[in-house]
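Subject: The structure for you to look through

Hello,

Here is the structure I promised to pass on to you. Have a look at it first, and then read my notes below with the picture open beside you.

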Amino acid sequence: MSKIEEERVNHKMGIVMGNLLKTGVIVAASIVLFGGIIYLFRHGLAQADYNTFQRVPYDLCNVRGILKSVFSFHGRGFIQLGLLLLIATPIARVLLSIFAFALKRDTLYLMITCVVFGILIYSLLNK
Amino acid sequence: MSIWLFTILIWLGSILAGFLGALTGLGGGVVIVPLLTLVFGVDIRYAIGASLVSVIATSSGAASAYVKEGFTNIRIGMFLEIATTVGALVGAFLALRLASPLIAIIFGLVLIYSAYLSSHPNRENAEIDKPDVLAVRLKMGGEYPTSQGLKSYSVGSVPAGFSLMFVAGIISGLLGIGSGAIKVLAMDRLMRLPFKVSTATSNFMIGVTAAASAGIYLNKGYIDPGLTMPVMLGVLFGSSLGARYLFSAETKKLRLIFSIVILVLAIEMIYSGMKAGIVK
């Protein structure tokens with residue numbers, strides 16, 4: 001691929017990435033806010049207790065449980081869904097870089113990026 | 001305290017933390033964890049989980065501006081991310097095993113170091129006369145826009161930068177902060193990249209690094225929705241405000257004040273960690 005062509009791919013990728021990240025953050029924050037409002041109106045008068053650590057209920061700690069909680073219209077489920085989406089934005093950025101390096105036929109960096117992507121997926125699915 | 005009042009107070013505190021974090025370039029995380037633990041008495045494990053999520057939010061929010069300008073070097077960022085993400089996994093697993101008071105003490109020490117780094121502003125690097133062999137083989141050099149058009153740069157000591165990035169990843173995963181100061185240090189002082197390139201690339205890496213440990217924190221029940229909601233929304237709002245005032249405010253004076261605040265928080269964290277450790 002010629003240098004000018006590569007520059008064009010880079011520039012285009014930059015714009016796509018920028019928009020992807022911005023949209024991801026705005027959508028995630030909106031879902032968190034929505035869930036937060038439901039949560040506050042339902043539980044706002046209870047006492048806040050974060051002094052002692054108890055693990056967050058298991059259903060709010062994994063993708064399947066969070067989706068189940070969203071379908072039952074729980075505020076805390078919506079918050080976790082928004083946070084999950086937020087965690088996914090940098091992962092999507094790495095995925096996009098995989099496509100970019102494949103497009104540029106840059107095998108070395110394609111492999112490097114796949115390693116990073118694998119580590120991220122491992123972390124998210126780790127039990 | 002009722003959940004309503006607690007949420008609103010945490011939200012306001014997080015706005016302030018995000019604002020100061022963006023102005024000084026240290027990120028909101030370094031203030032959020034001490035604020036939650038020392039002022040609100042939140043268990044440090046919840047605080048770290050909430051802080052980590054807000055780190056991703058600010059990094060992704062700021063990145064959309066950075067990538068368009070063309071300062072980010074994706075090649076360098078991606079290569080170093082192997083070190084930071086593996087480090088972040090190690091850090092997160094360490095956090096699951098270390099006692100809370102010990103984590104508080106480590107946090108305090110890292111805080112002091114961050115305050116020290118932020119009070120020593122970066123200077124522009126001289127050009128490198130002999131680029132690193134590995135950097136040439138990995139095609140890391142690049143160009144960045146200046147007032148005189150595109151300027152090319154080469155890259156120094158990759159192995160040293162890579163090792164320091166591994167440490168940055170561990171600290172990020174263990175303490176729930178972006179550890180941007182250490183990332184910039186590695187790229188600026190060791191790999192000798194132009195300052196704007198290292199800042200933009202560091203921001204790119206912070207989000208990916210934090211995502212690597214966030215998955216583990218989520219699975220292990222450290223990310224509490226009720227607490228993380230006001231923290232994330234507050235830091236996001238505060239940091240976008242801070243980025244807007246970046247060039248108008250008297251940053252120098254603010255930096256100094258912020259360094260002093262951080263120093264006080266750090267000493268408090270270490271003291272509380274030691275006290276809890278002895279009582280236990």
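Let's start where the two chains meet. Please keep in mind that this is a predicted model. In it, 51 residues of chain A are in contact with 52 residues of chain B. Which parts of chain A supply that surface? The elements that give two or more residues to it are helix 1 (3–43), helix 3 (75–103) and helix 4 (107–125) of chain A. Helix 1 of chain A has the largest share, with 15 residues. If you sort the side of chain A that touches chain B by class, you get 31 nonpolar, 16 polar and 4 charged residues.

**Chain A by itself**

Chain A has 4 helices and 0 strands, so its order from the N terminus on reads α-α-α-α. What is its overall extent? Its C-alpha atoms fill a box of roughly 65 × 30 × 30 Å along the principal axes. The radius of gyration of chain A is 19 Å, whereas a compact globule of 127 residues would have one near 14 Å. As for burial, 36% of the 127 residues of chain A count as buried. Now take the contacts in chain A between residues at least 6 apart in sequence: 60% of them join residues at least 24 apart.

The crossing of helix 2 past helix 3 in chain A is left-handed. Which residues meet there? From helix 2 of chain A come A:V63, A:I66, A:S69 and A:V70, and they meet A:R76, A:G77, A:F78, A:Q80, A:L81 and A:L84 in helix 3 of chain A. By class, this contact of helix 2 with helix 3 in chain A has 6 nonpolar, 3 polar and 1 charged residues.

**Chain B by itself**

Chain B has 11 helices and 2 strands. Read from the N terminus on, its elements run α-α-α-α-α-α-β-β-α-α-α-α-α. Its radius of gyration is 18 Å, close to the 19 Å that the globule rule gives for 280 residues, so chain B is as compact as a globular protein of that length. Along the principal axes, the C-alpha trace of chain B spans about 60 × 40 × 30 Å. Buried residues make up 57% of the 280 residues in chain B. Among contacts in chain B between residues at least 6 apart in sequence, 81% join residues at least 24 apart.

Helix 4 (residues 74–97) and helix 7 (residues 158–175) of chain B pack at an angle of about 35°, with 6 Å between their axes. Helix 4 of chain B passes helix 7 of chain B in a right-handed crossing. The residues of this contact between helix 4 and helix 7 of chain B divide into 17 nonpolar, 8 polar and no charged.

Is B:V197 buried or exposed? B:V197 is buried, because 23 other C-beta atoms lie within 10 Å, and 20 or more is what a buried residue needs. Leaving out residues up to four places away in sequence, B:V197 touches B:F71, B:N73 and B:Y144. B:V197 and B:T72 are 125 residues apart in sequence, yet 5.7 Å apart in space, C-alpha to C-alpha.

**Back to where the chains meet**

Helix 9 of chain B also takes us across to the other chain. Helix 4 of chain A and helix 9 of chain B pack at an angle of about 30°, with their axes 6 Å apart. The two helices are therefore roughly parallel to each other. In this pair, A:V116, A:I119, A:L120, A:S123 and A:L124 of helix 4 of chain A meet B:V208, B:A211, B:A212, B:S213, B:G215 and B:I216 of helix 9 of chain B. By class, the contact of helix 4 of chain A with helix 9 of chain B has 8 nonpolar, 3 polar and no charged residues.

Enjoy looking around!

Best wishes

Technical notes:
Residues numbered from 1 in each chain as written. Chains lettered and ligands numbered in written order. Predicted model: local features only at pLDDT ≥ 70, side-chain atom pairs only at ≥ 80, totals over all residues. Contact = placed C-beta atoms within 7 Å. Nonpolar A, V, L, I, M, F, W, Y, C, P; charged D, E, K, R; others polar. Rg over C-alpha atoms; globule rule 2.2 N^0.38 Å. Buried ≥ 20, exposed ≤ 12 C-beta atoms within 10 Å, placed from the backbone. Left-handed = near helix turned anticlockwise from the far one by under 90°. Axes fitted to C-alpha atoms, helices over the stretch in contact; angles between N-to-C directions. Parallel < 35°, antiparallel > 145°, perpendicular 65-115°, else oblique.
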